[in-house]
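Here are my notes on this model, point by point. Please read them with the structure open.

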Amino acid sequence: MTSDRGAQTALHLLLVWALMTGAMPVLGFALMVTAWSDGNGALVPVLALGVPLSVVLLSVAGAPVRTVVPLCASAPRRLGWATLVFVLGTLGVLAGLAVYDDGVYLGSASTRVALTGAPYAVAAAFFVPDRWVRLGATAALAAAVAYGGFIGPEQARQRRHTTEVARYREHQELLYAIDTPPGMRVARAQAGPASFTVEYHSTRFDGYVALGVRKPLTPRPSCPTPPEKDVTCAVDRRGDMRVVQAFPGGGHHITLTRRHGAVEAEVTSKTLDEPALRHLLDTLHPLSDAELESLMEEKVIARAIGQTALTIPPSMT
C-alpha cells in the first residue's frame with residue numbers, strides 16, 4: 001500500500017469511527033428515553049428511523065475510498081458495504097454492552113463513548129484489501145475477545161470478591177470464630193452490624209453448636225431477674241455466665257457467655273456438655289482471612305441487614 005493509499009485508509013477508518021461514535025450513543029439514548037416514556041412498543045419507529053440513517057452515514061464515510069475499497073466503488077455497493085459494517089459493528093457494541101453489564105471495566109464514561117465507534121472501524125478495516133490493515137483488525141478483534149471474554153471478567157470477579165470481603169469486614173470487631181467442634185462443620189454464618197453468628201452442625205448425628213458474638217448489652221454479664229422457669233443461671237468469678245435450660249422429659253440446653261475485649265461471645269448447644277463448651281470458648285479468636293475465604297467459598301455466610309441484636313437461627317433454639 002502506497003503512502004497516499006495508507007493515509008486515505010487511515011482517514012477512512014477514522015471517519016467511520018468518528019461518525020459512529022457520534023451516531024450510536026444518540027440512537028441508544030433515543031431508544032432508552034422512548035422505552036422509559038412510551039414502553040417497548042414505541043421502539044420500532046425509533047429503530048426504523050435510526051438504523052437507516054446510521055447506514056447512510058456509513059455509506060457517506062465509504063465515498064472517499066471508492067478507489068481503495070472495492071465494495072465502495074459505486075453507490076449501491078457502498079450501501080451494501082455500509083449495511084455489513086453496521087451489522088458487524090453493532091454485534092460488537094452489543095457484545096461490549098453484555099460484558100459491561102457483567103461488571104467488566106471499560107473505562108470512564110467518555111472512554112466508553114469513544115469505544116462505541118471502535119467495532120465499526122474494525123469491521124470496516126476487514127474490507128480494506130491490504131493484509132496489514134486486516135492483520136491489525138484481527139489483532140484488535142483478538143484483543144477485544146481476550147479482554148471481554150477472559151481478562152475483564154476475571155478482573156470483575158476479583159473486584160466483586162474484594163468488595164464482598166470488605167462488606168463482611170465492615171464490622172471487623174465482631175468477627176470471631178472458635179475451633180470447629182470435632183465431628184462438625186460450619187452450616188451457616190451471618191454477619192450483621194450488631195452481631196456475628198456461626199452455626200456448626202454435626203456430620204453424623206443431630207448435634208449442633210452455635211457461636212454468637214455481639215456488642216455487650218449490659219456493663220457485665222448478669223442473670224435475668226426474676227429467674228425463668230426451668231432455667232439455672234450463674235456467673236462465676238471469671239465473669240462467665242452459665243445458663244442451663246432443662247427440658248421436660250430430660251435433656252438440657254447450655255449457654256456460656258464471656259466478655260472478650262469489647263465484645264461478648266456466647267456458645268450454646270443441646271448436645272455438648274459444659275466442659276466441652278468452655279474448651280470451645282477458650283479457642284475464641286479473630287476470624288482469619290483464610291477462614292472468611294472458606295466461608296465464602298462454601299457459600300455458608302450471609303450478611304444481616306438492619307440487625308440490631310444477636311439472633312440465633314430457629315434451628316438452634
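**Notes on the predicted model**

1. Start with Lys 299. Its relative accessibility is 74%, so Lys 299 counts as exposed. It sits in the loop between α8 and β10. Its phi is positive, about 55 degrees, although Lys 299 is not a glycine. Keep in mind throughout that this is a predicted model.

2. An α-helix has 3.6 residues a turn, so residues three or four places apart point the same way.

3. Asp 230 is placed in the loop between β4 and β5. With a relative accessibility of 46%, Asp 230 counts as partly exposed.

4. The loop between β4 (208-214) and β5 (231-235) also holds Pro 226. The peptide bond joining Thr 225 and Pro 226 is cis, with omega at about -5 degrees.

5. Now the packing. The largest nonpolar core has 33 residues. Which of them touch the most other members? They are Ile 178, Phe 196, Tyr 200, Leu 211 and Ile 301. Strand β2 (residues 184-191) gives the largest share of this core, four residues. A second, separate core has 26 residues, including Leu 27, Leu 58, Val 85 and Phe 86.

6. Leaving out residues up to four places away in sequence, Tyr 200 touches Ile 178, Thr 180, Pro 181, Met 184, Arg 185, Val 186, Ala 187, Gly 207, Tyr 208, Val 209 and Leu 211.

7. How many aromatic pairs does a search of the whole structure find? It finds one. Phe 86 and Tyr 120 form this pair, with 6.2 Å centre to centre and 35 degrees between the planes. The pair is tilted, because its angle falls between the 30 degrees for stacked and the 60 for edge-to-face. Phe 86 is in helix α3 (residues 75-101) and Tyr 120 in helix α5 (residues 118-125), so the pair links distant parts of the chain, 34 residues apart. Phe 86 is buried at 10% relative accessibility. Tyr 120 is buried too, at 0%.

8. Ser 59 belongs to helix α2 (residues 43-62). Its relative accessibility is 14%, so Ser 59 counts as buried. Apart from neighbours within four places in sequence, Ser 59 is in contact with Arg 78, Leu 79, Trp 81 and Ala 82.

9. Last, the whole chain. It has eight helices and ten strands. The radius of gyration is 33 Å, well over the 20 Å that the globule rule gives for 317 residues, so the chain is more spread out than a compact globule. The C-alpha trace spans about 95 × 45 × 35 Å along its principal axes. Of the 317 residues, 36% are buried. Of the contacts with a separation of 6 or more, 56% join residues 24 or more positions apart.

Technical notes: Residues are numbered from 1 along each chain as its sequence is written. This is a predicted model: local features need pLDDT of at least 70, side-chain atom pairs count only at pLDDT 80 or more; totals for chains, interfaces and linings use all residues. Side-chain values use heavy atoms; hydrogens and water are left out. Rings of Phe, Tyr and Trp (its six-membered ring) pair if their centres lie within 6.5 Å; planes under 30 degrees apart count as stacked, over 60 as edge-to-face and the rest as tilted. Helices (H or I, at least four residues) and strands (E, at least two) are DSSP runs, numbered from the N terminus. Buried means under 20% relative accessible area, exposed over 50%, partly exposed in between (1.4 Å probe, protein chains only). A nonpolar core is a set of buried Ala, Val, Leu, Ile, Met, Phe, Trp, Tyr and Cys residues joined through side-chain atoms within 4.5 Å. Contact means heavy atoms within 4.5 Å. The radius of gyration is taken over C-alpha atoms; the globule rule is 2.2 Å times the number of residues to the power 0.38.
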